[in-house]
Amino acid sequence: MTFDVLIIGGGVSGMQCALVLGSAINKEYAKSKKIGIIMHQRASHLQDALFNNVLGINPKTTGKSILKQGKEQLTELYPHIQQIEQEKVISVHQKKSVYQITTNKNVYISKIVIIALNYSKPFSIKGLESYLEPHARANPKKERIQLKNKEHLIKEGLYCCGTIAGHRSQFSIAAGSGASVATDILTLWNNKIPTKSHDKV
């Protein structure tokens, strides 16, 4: 199966990235693009979170409910985005101008790959080991990791967002990171003319 963009990880940054990409479906440069998201690689840190300090989210909202609602939102609003469940990514390797993503069940090809996992060890995806480094903004005692990147870009066609991109573990930061990557990709599709995607009343 071939994608234009494949997101690995269905936490805050991954789902926010997918939502922004999905919302551009009516734009000429994005409407024919095939987008997929491989949901949780493992238990998300979001599962046990309680949110009282996020703009637009009702106080005492749980992370578990946000994960559930995020999947439902993607399904309802942007069903063209393929949600891939219960698959674990084993490796990501560049093959000329595309990437081969191998899971425990399937092999996918994508022009663009976005790593949207959390910053915990172990990081077991083969092919990305050379980009691992200590996390710049986490408590050193926790030995968190990140992928080497410049403004989310690891190398051509390979991005990261959220805590694995070096951001702090804060909901709004992770969401903004995912949205930032999405708009960078939309800009790329739009012949590199800066763009974004949002709705109006």
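This is a predicted model: local features need pLDDT of at least 70, side-chain atom pairs count only at pLDDT 80 or more; totals for chains, interfaces and linings use all residues.
**Figure 1. The whole chain at a glance.** Three helices and 12 strands make up the secondary structure of the protein chain. With a radius of gyration of 16 Å, against the 17 Å that the globule rule gives for 201 residues, the chain is as compact as a globular protein of that length. Of the 201 residues, 48% count as buried. Carbon and sulfur atoms account for 50% of the accessible surface, which is about 11,000 Å².

**Figure 2. Strand E2, covered on both faces.** Here you're looking at residues 35-38. Ile35 and Ile37 sit on one side, Gly36 and Ile38 on the other, and all of them are buried.

Figure 3. Strand E1 (residues 2-8) runs parallel to E2 and is joined to E2 by four bridges. Val5 has Ile35 as its bridge partner. To get from E1 to E2, the chain passes through helix H1 (residues 12-23), making a right-handed β-α-β crossover. E2 also pairs with strand E5 (residues 82-84), again in the parallel sense, over three bridges. In that pairing, Ile37 stands opposite Gln83.

**Figure 4. Thr102 and its surroundings.** Thr102 belongs to strand E7 (residues 98-103). Its relative accessible area is 18%, so Thr102 counts as buried, the cut-off being under 20%. Setting aside neighbours within four places in sequence, Thr102 is in contact with Lys88, Val89, Ile90, Ser91 and Val107.

Methods
Residues are numbered from 1 along each chain as its sequence is written. Side-chain values use heavy atoms; hydrogens and water are left out. Helices (H or I, at least four residues) and strands (E, at least two) are DSSP runs, numbered from the N terminus. Buried means under 20% relative accessible area, exposed over 50%, partly exposed in between (1.4 Å probe, protein chains only). Contact means heavy atoms within 4.5 Å. Two strands pair if DSSP finds at least two bridges between them. A crossover is right-handed if, with the strands pointing away from the viewer, the path from the first strand over the helix to the second runs clockwise. The radius of gyration is taken over C-alpha atoms; the globule rule is 2.2 Å times the number of residues to the power 0.38. Accessible areas come from the Shrake-Rupley method with a 1.4 Å probe; for residues, only the protein chains shown count as cover.
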